[in-house]
Amino acid sequence: MQIAQVVGITGHSLTLRSKGRCAIKPRSAPDSTLDFWGGGANLAAQRLAFTEQKMSTHRVYKSHEFMQPAEKEPIRSVVVESSHSVIVAWHVEPGQTIAPHIHPDGQDTWTILSGEGQYQIDEQGNTVAIVPGDIVVANKGQVHGVLCTSVGPLRFISVVAPLDAGYEPLSAKT
């Protein structure tokens with residue numbers, strides 16, 4: 001786990017500079033952690049949108065408020081986290097990818113809202129097309145990732161369960 005440098009705060013959006021994987025503990029929920037990764041070998045600015053509302057008091061979220069376009073790589077924007085799962089909004093620009101990875105101890109379910117992509121389904125790089133309305137499920141340990149192939153952004157909601165499903169990039173698995 002790395003330490004992230006805060007480089008800006010706007011509304012509910014926190015901009016961080018980090019190399020590798022980081023964790024953030026929100027003030028209103030010190031027992032929970034907002035976990036994210038990215039950056040890889042190069043040091044890239046990353047933003048993480050979060051809400052300080054608790055799941056028990058705030059139950060309806062506007063997905064468009066969490067979508068964050070980025071030039072270099074997609075941003076994982078946490079919508080809400082509970083003791084059971086984390087719900088994430090993704091905005092993937094045309095040509096951008098979410099690198100293939102697994103969740104060794106859980107499932108990742110995507111609901112495609114807009115855009116199109118090639119969803120990676122195995123270690124060999126085989127893909128299937130995904131379009132708005134699709135629900136895509138990666139069970140425990142199944143490889144998944146995506147390349148945005150549409151003219152506009154690919155936007156989707158991801159539900160990872162359980163909360164401690166873990167994250168392992170495909171490169172670390174092979």
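Q: Which residues of the largest nonpolar core touch the most other members?
A: A nonpolar core is a set of buried Ala, Val, Leu, Ile, Met, Phe, Trp, Tyr and Cys residues joined through side-chain atoms within 4.5 Å, where buried means under 20% relative accessible area, exposed over 50% and partly exposed in between, with a 1.4 Å probe and protein chains only. In this predicted model, the largest such core has 18 residues, and V92, W110, I112, I130, L154 and F156 touch the most other members. Two or more residues each come from β7, β9 (107-114), β12, β13 (144-148) and β14, and β7 gives the most, with 4 residues. A second, separate core of 7 residues includes M67, V79, V80 and A89.

Q: How should I read the strand names, and in what order do the strands of the open sheet lie?
A: Strands (E, at least two residues) and helices (H or I, at least four) are DSSP runs numbered from the N terminus, and two strands pair if DSSP finds at least two bridges between them. Here 5 strands form an open sheet in the order β6-β7-β14-β9-β12, with antiparallel pairing. The edge strands, each pairing on one side only, are β6 (75-81) and β12 (135-138). Within the sheet, β7 (residues 86-92) and β14 pair in the antiparallel sense over 7 bridges, and A89 has I157 as its bridge partner in β14.

Q: Is S158 buried or exposed, and which residue's side chain does it join in a polar contact?
A: S158, which lies in strand β14 (residues 154-161), counts as buried because its relative accessibility is 1%. A polar contact is a pair of N or O atoms within 3.5 Å; within protein, one must be able to donate a hydrogen and the other to accept it, and residues adjacent in sequence count only if both atoms are side-chain atoms. The side chains of S158 and D108 are joined by such a contact of 2.5 Å. Contact in general means heavy atoms within 4.5 Å, and, leaving aside neighbours within four places in sequence, S158 is in contact with V86, I87, V88, W90, D108, T109 and W110.

Q: Where is the cis peptide bond that ends at P162?
A: The bond runs from A161 to P162, with omega near -5°, and P162 is placed in the loop between β14 and β15 (168-169).

Q: What should I keep in mind about numbering and confidence?
A: Residues are numbered from 1 along each chain as its sequence is written, and side-chain values use heavy atoms, with hydrogens and water left out. Because this is a predicted model, local features need pLDDT of at least 70 and side-chain atom pairs count only at pLDDT 80 or more, while totals for chains, interfaces and linings use all residues.
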